[in-house]
Each structure stands twice: as C-alpha cells, then as structure tokens.
Amino acid sequence: PFILPVFVDPDRVRGSIREFAKAVRAEGIPLNPHYEYCASTWPWLRPYLAGSGTTPVAERATDTSFALYLNERYAAREADDTVEAIAKVSKVLVR
C-alpha cells in the first residue's frame, strides 16, 4: 500500500492526534492513526543503533501525523471523500 503522512498541529487539535485520526477513520477513510514503524523506538533494536540511537525528527514526525492509505486506483471521488471527512472532523476537533 501507499501511504501519505498527514501532519496535524498538536496545539490546534482537541484531544490527541490519534483521536483525530480515528474520527476520520470512522468516516470510512482507510488510515493508520499512528505510524509505529520508527525503528529507533523499538527497544530490541537499540543495542544495534549507532551513536545515541535517537531520531528526534523522525519520532516527532510519527507523533504528529497519521498515515493515510492510498491506492493506485483511487480517483477524484476518493480524494473528495477524504477531504470531506477531514473537514467534517476538523469542524469538531480543531480549535
């Protein structure tokens, strides 16, 4: 699958970014509310990482976004549905 990270300003959303993403998903939009594949956060991998083993930029990116799933067969209808769902949720959960 293809994914597109959608970044959300944590200071503008009511609740958490995960809650925002789950609300969009409840509107029928396929997505992952929290991309958890930032390798530096995996405890079992830490002994194998060079240097400090931290990746603050990557960790901030995964903490402030959700992963929108895309398909090469999507057309304007799916794009419209996605925008409509995000706008609907934004009316309720964005300050």
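Predicted model: local features only at pLDDT ≥ 70, side-chain atom pairs only at ≥ 80, totals over all residues.

Colleague: Fine. How many salt bridges does the count come to?
Modeller: The count comes to 2 salt bridges.

Colleague: Which side chain does K88 meet?
Modeller: K88 meets E27, with 3.2 Å from N to O. The two sit in distant parts of the chain, 61 residues apart. K88 is in helix α3, residues 76-93, while E27 is in the loop between α1 (17-26) and β2 (31-32).

Colleague: And which side chain pairs with R77?
Modeller: D81, in a salt bridge of 3.3 Å from N to O. Both R77 and D81 belong to helix α3 and are 4 residues apart, which is about one turn of the helix.

Colleague: What about K88 and E27, how accessible are they?
Modeller: K88 is partly exposed at 48% relative accessibility, and E27 is partly exposed at 36%.

Colleague: New topic, the sheet. What is the strand order?
Modeller: The order is β1-β3-β2, in an open sheet of 3 strands with antiparallel pairing. β1 (2-7) and β2 are the edge strands, each pairing on one side only.

Colleague: How many bridges join β2 to β3?
Modeller: 2 bridges, and the strands run antiparallel, with β3 covering residues 65-70.

Colleague: Which residue in β3 is opposite N32?
Modeller: A67 stands opposite N32.

Methods
Residues numbered from 1 in each chain as written. Heavy atoms only, no water. Salt bridge = Lys/Arg side-chain N within 4 Å of Asp/Glu carboxyl O. Buried < 20%, exposed > 50% of the residue type's maximum accessible area, 1.4 Å probe, protein only. Pairing = 2+ DSSP bridges.
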